[in-house]
Amino acid sequence: KASGNDKHAEMRQNEESEEKRAPYYSIVMASRITPKNAEAYVEKLHKKGLTDAYVNSCGGLTKVVYKKFATREDANRTMNSLKGNNLFDGSWVVEIK
């Protein structure tokens, strides 16, 4: 019989699996980057106040992305509002599944 802690861990794992399956949109800040360099860049971005930046690795590709949005429109709106910020030069919106 599973203990209460095991049940909670299993529930969290199921929630994470469901979250991974739900597609969302993010702003790509860097791509074709090594995982080590991606982590270093995210740390730099966090120090600059962009705490919603994170590393996304999927299918052997590593990207540094910013925030999770429910719709492409929300992501584009945010990206457009950040155009004056040179950290977002060359950024684009991607759907993450």
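**Reading helix α2 and its surroundings**

Mentor: The buried residues of α2 are Ala38, Tyr41, Val42 and Leu45. Buried means under 20% relative accessible area, exposed over 50%, and partly exposed in between (1.4 Å probe, protein chains only). Seen down the axis of α2, these buried residues fall within an arc of 100 degrees, so they line one face of the helix. The arc is taken from the directions from the helix axis to the C-beta atoms.

Trainee: What kind of model is this, and how are residues numbered?

Mentor: This is a predicted model, with residues numbered from 1 along each chain as its sequence is written. Local features need pLDDT of at least 70 and side-chain atom pairs count only at pLDDT 80 or more, totals for chains, interfaces and linings use all residues, and side-chain values use heavy atoms, leaving out hydrogens and water.

Trainee: Where does α2 run, and how many residues has it?

Mentor: Helices (H or I, at least four residues) and strands (E, at least two) are DSSP runs, numbered from the N terminus. Helix α2 covers residues 35-47, 13 residues in total. From first C-alpha to last it reaches 19 Å, close to the 18 Å expected at 1.5 Å a residue. That expected span is 1.5 Å times one less than the number of residues.

Trainee: What covers the buried residues of α2?

Mentor: The cover includes β1 (24-31), β2 (53-58) and β3 (61-69). The face turned away from the buried side carries exposed Lys36 and Lys47.

Trainee: How many salt bridges are there?

Mentor: A salt bridge is a side-chain nitrogen of Lys or Arg within 4 Å of a carboxyl oxygen of Asp or Glu. By this rule there are three. One joins Glu43 and Lys47 (3.6 Å, N to O). Both lie in α2, four residues apart, about one turn of the helix.

Trainee: Why can residues three or four places apart point the same way?

Mentor: An α-helix has 3.6 residues a turn, so such residues point the same way.

Trainee: Which residue does Lys67 meet in a salt bridge?

Mentor: Lys67 meets Asp52 (4.0 Å, N to O). Lys67 lies in strand β3 and Asp52 in the loop between α2 and β2, so the pair ties together parts that are 15 residues apart in sequence.

Trainee: Is Ser26 buried or exposed?

Mentor: Ser26 is buried, at 0% relative accessibility. Ser26 lies in strand β1. Its side chain reaches the backbone oxygen of Lys67 at 2.5 Å.

Technical notes. Contact = heavy atoms within 4.5 Å. Polar contact = N/O pair within 3.5 Å; in protein donor to acceptor, adjacent residues only side chain to side chain.
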